[in-house]
Amino acid sequence: MISEKLQKGQLLIAEPSILGDVSFNRSVILLAEHNEEGSVGFILNKPLDFTISDLLPEIEASFKIYNGGPVEQDNLYFVHSIPKLITNSVEISNGIYWGGDFELTKSLINDGKINKEDIRFFLGYTGWGEKQLETELQDNSWIIAINNLKKEILSKSSKQFWKEKINELGGEYIIWSNAPENPGLN
């Protein structure tokens, strides 16, 4: 479950100690890219209050939009599990792909060939510069976990995902799974 080495396709689970951080408190991030220049990820468990058709009325679907992270929140990104349908996508790992031909994607959604279990849309992303993520790991901000759900992670429920992942870690983390999101309000 827990991994020591960073690589794309892994999950970053926010340590319970990240309390006052609006973006990352109780976040689970899919690491989409990691190399010597930096890292990119998408928060999986922060749904927003609107759908893809709210942003793009030409898309006739009610797929939820997620807060991908604090970087470039005016841009829409997507991760999917259907590279045979969506061309020009980049494999992250375990059958999960990032991006691709967006015009084609819109048509496929409108034609009913893509369902919400196949794709997830994000406003913004999470980004780290060179060695920044490694520093945050040393500061105990994140736990690196293997994505044991593989491509099924796209259809995983979002609200309770952090709690589920913390419970899987066991030990000292279990107490945090039932703690209020803002302990100051307890």
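Reader: Is Val-40 buried or exposed, and why?

Author: Buried means under 20% relative accessible area, exposed over 50%, and partly exposed in between, with a 1.4 Å probe and protein chains only. Val-40 has 17% relative accessibility, so it counts as buried. This is a predicted model: local features need pLDDT of at least 70, side-chain atom pairs count only at pLDDT 80 or more, and totals for chains, interfaces and linings use all residues. Residues are numbered from 1 along each chain as its sequence is written, and side-chain values use heavy atoms, with hydrogens and water left out.

Reader: Where is Val-40 found, and which residues is it in contact with?

Author: Helices (H or I, at least four residues) and strands (E, at least two) are DSSP runs, numbered from the N terminus. Val-40 is in strand β3. Contact means heavy atoms within 4.5 Å. Setting aside neighbours within four places in sequence, Val-40 is in contact with Leu-30, Leu-31, Ala-32, Glu-33, Trp-98, Tyr-125, Thr-126 and Trp-128. Leu-30 is 10 residues from Val-40 along the chain, and their C-alpha atoms are 8.6 Å apart.

Reader: How do I read a nonpolar core, and which residues have the most contacts inside the largest one?

Author: A nonpolar core is a set of buried Ala, Val, Leu, Ile, Met, Phe, Trp, Tyr and Cys residues joined through side-chain atoms within 4.5 Å. The largest here has 36 residues, and Leu-11, Leu-12, Leu-44, Val-79, Leu-133 and Trp-142 have the most contacts inside it. Elements giving two or more residues to this core include β1 (11-14), β6 (71-80), α3 (132-138) and α4 (161-169). β2 gives the most, with five residues. Another core lies apart from it, with 15 residues, among them Ile-59, Leu-108, Ile-109 and Leu-123.

Reader: Which residues of helix α2 are buried?

Author: Start with the general idea. An α-helix has 3.6 residues a turn, so residues three or four places apart point the same way. In α2 (residues 102-110), Thr-105, Lys-106, Leu-108 and Ile-109 are buried. The buried residues of α2 fall within an arc of 165° seen down its axis, so they line one face of the helix. That arc is taken from the directions from the helix axis to the C-beta atoms. The cover over these buried residues includes β6 and β9.

Reader: What is found at the start of α2, and what follows α2?

Author: At the start, a side-chain oxygen of Asp-101 comes to within 3.1 Å of the backbone nitrogen of Glu-103. After α2 comes Gly-112, with a positive phi near 75°.

Reader: Which residue in the hairpin of β7 and β8 takes a positive phi?

Author: Two strands pair if DSSP finds at least two bridges between them. β7 (residues 90-93) and β8 (residues 96-98) pair in the antiparallel sense over three bridges. Val-90 stands opposite Trp-98 in β8. The hairpin has two residues between its strands, and Asn-94 takes a positive phi near 50°.

Reader: Where do Arg-26 and Lys-131 lie?

Author: Arg-26 is in the loop between β1 and β2. Its phi is positive, near 60°, in a residue other than glycine. Arg-26 counts as buried because its relative accessibility is 16%. Lys-131 is in the loop between β9 and α3. Lys-131 is not a glycine, yet its phi is positive, about 65°. Lys-131 is exposed, with a relative accessible area of 51%.

Key: A polar contact is a pair of N or O atoms within 3.5 Å; within protein, one must be able to donate a hydrogen and the other to accept it, and residues adjacent in sequence count only if both atoms are side-chain atoms.
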